[in-house]
Amino acid sequence: MVTLTAPKTQAPTAAAQESAAVDSFSVDLADSPVRDLNQALHSAVDGQSWIVENPGGKHSLAVGINAEATVTINGHVGYYAAGMHQKGEVTINGNAGVGLAENIMSGKVHVKGDASQSAAATGHGGLVVIDGNAGARCGISMKGVDIVVGGNIGHMSAFMAQAGRLVVCGDAGDALGDSIYEARIYVKGTVASLGADCIEKPMKAEHLEELAGLLAAAGRPDNPADFKRYGSARNLYHFSVHNSTSY
Amino acid sequence: MCGIAALQLRNPLLHPRMGSLLSSMMCQIVDRGPDSAGLAVYDTPGLVSGNTSTLSLLGKDQGLPTSGIAAALENLLPASAGTAVKVVGDTTFVSSAVDTELLAKAVRETLPDSTIIGRGEHVAVMKSVGHPMDIAAEHGLEAMSGSQGLSHTRMATESAVTAGGSHPFSVADDLCLVHNGSFSNHATIRRDLLREGVVFDSDNDTEVGARYIASRLKQGDTLEEALTNLGKVFDGFYTLVVTTADSMAVVRDPIACKPAIIAETDDYVAMASEYRALAALPGIETAHIFEPEPGKVYTWSL
């Protein structure tokens, strides 16, 4: 089952605090290559933090982080930012290009602006927060990731979504949740159209509770009661013999 | 995959920087299409001038010296038209104060093997095979002034890597089209247009799009209507940028697989395949940045 990744509240030890003070780094991508940044992040240890300036829309920033490190990127990033994220927290003070946090496994990725298409695609776990809008195919083939979008999402979002939760505080585009499996979708605004086998489902107490938890984890003020829930009608799970002549 | 970078300058004070800004944008989209490239620039002094038609011809070598071409054209055109021929980079420019069609007719008669890649009073089109930044440098883009600029770096899929297959396609006066993607039913639409009497220069799918838009505009469509109609007729993947003498349009197919991002300020509208091409523009920190919605036609006029 999916677990929500909330910020850890345990008090750091004195040693950890000391090392955190030492282990903070600043990288200016205007005069250093992306590869050096990613190599440093792959060698990171728990408690370290990075501030990245002048990302300039460069691709593949802060990918594959496997330590409880904190990375803050000041500016817009290109494709596949924070891809394959394992641990720690990446915050982007700007917009993100195609494939944000693609295949995220755990940890948290937070974009303060908009994200382009295929955000959190195939994500297995962790939390992706997008304060602005997300483009088409948000959460396509999501496999356990939690996604909270402050604005709208584009068409074909949560296509073939298998597990995890997608929360949309704005509107959803066409064909939401097409061929969805067991992921749960919460939308506050309108849905342009639902995809094949995706239906509206009742909001029960357990859903209000899980939604409240997701909104709190994303730092959103929205009221869970204003949302509708969508999920699989489970009609595509099994082959229907009535369709045998269609092939 | 192809790369697009386009710029419409609303603030005339930026016109002298058009070439350097477009060059900085183009530099960031080279990875998306390094085999060939093309440029269209509008109102660039030295390439075009008011009340004069300019034709852009593919290649610097037309088989005749420029003086020979000029002399042959002068025989066919009024003496007062001030016909001139010059070579810039890998492109031959022919200009004359006559109607564009008349000039095109004279050029076809003088240089039957030439390919006209740009036409009009405002636009100059340059394209070639090779590294996009080499092509830009060869034509002196960095120093060019202008009101609008359009660049394309091509990764060929639907037809061969040739200068003629490079974008932009400019098939009507001051009209240019660049395309990232591929049309899947272009052969069918090409046959329809051929039946209407449209003549093609290449086997390229994007040329069919350009000829289609030109045909719609000729039938009275506005640019927005022409692009809406294109969406009904063409199948495939596309992000398109179309420029005219005084406007720019962007449209993506309804599936919107091909990227596009737009930055708008009081001074300019810039469109590119990726944000990194916009990152160096002046005032980008406060620009309105957005991705165009699928299937929606956006237009901006100078």
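How many residues does the contact take from chain B and from chain A? Select both chains of this predicted model, and the contact takes nine residues from chain B and 12 residues from chain A, two residues being in contact if their C-beta atoms, placed from the backbone, lie within 7 Å. The side of chain B that touches chain A has six nonpolar, no polar and three charged residues, where Ala, Val, Leu, Ile, Met, Phe, Trp, Tyr, Cys and Pro count as nonpolar, Asp, Glu, Lys and Arg as charged, and the others, Gly among them, as polar.

Residues are numbered from 1 along each chain as its sequence is written, and chains are lettered from A in the order in which they are written. Local features need pLDDT of at least 70, and side-chain atom pairs count only at pLDDT 80 or more, whereas totals for chains, interfaces and linings use all residues.

Next, select A:Cys138, in the loop between strand E6 (127-130) and strand E7 (143-149) of chain A; strands are DSSP runs of at least two residues, numbered from the N terminus. A:Cys138 counts as buried because it has 34 C-beta neighbours inside 10 Å, the cut-off being 20 or more. Leaving aside residues up to four places away in sequence, A:Cys138 touches several residues, including A:Ala120 and A:Ile147.

Move on to A:Ala120, which has a positive phi of about 55° although it is not a glycine, and which is found in the loop between strand E5 (108-111) and E6 of chain A.

Finally, in chain B, select B:His167 and B:Pro168, which are joined by a cis peptide bond with omega of about 5°.

Terms used
Helices (H or I, at least four residues) and strands (E, at least two) are DSSP runs, numbered from the N terminus. A residue is buried if 20 or more other C-beta atoms lie within 10 Å of its own, exposed if 12 or fewer, and partly exposed in between; C-beta atoms are placed from the backbone.
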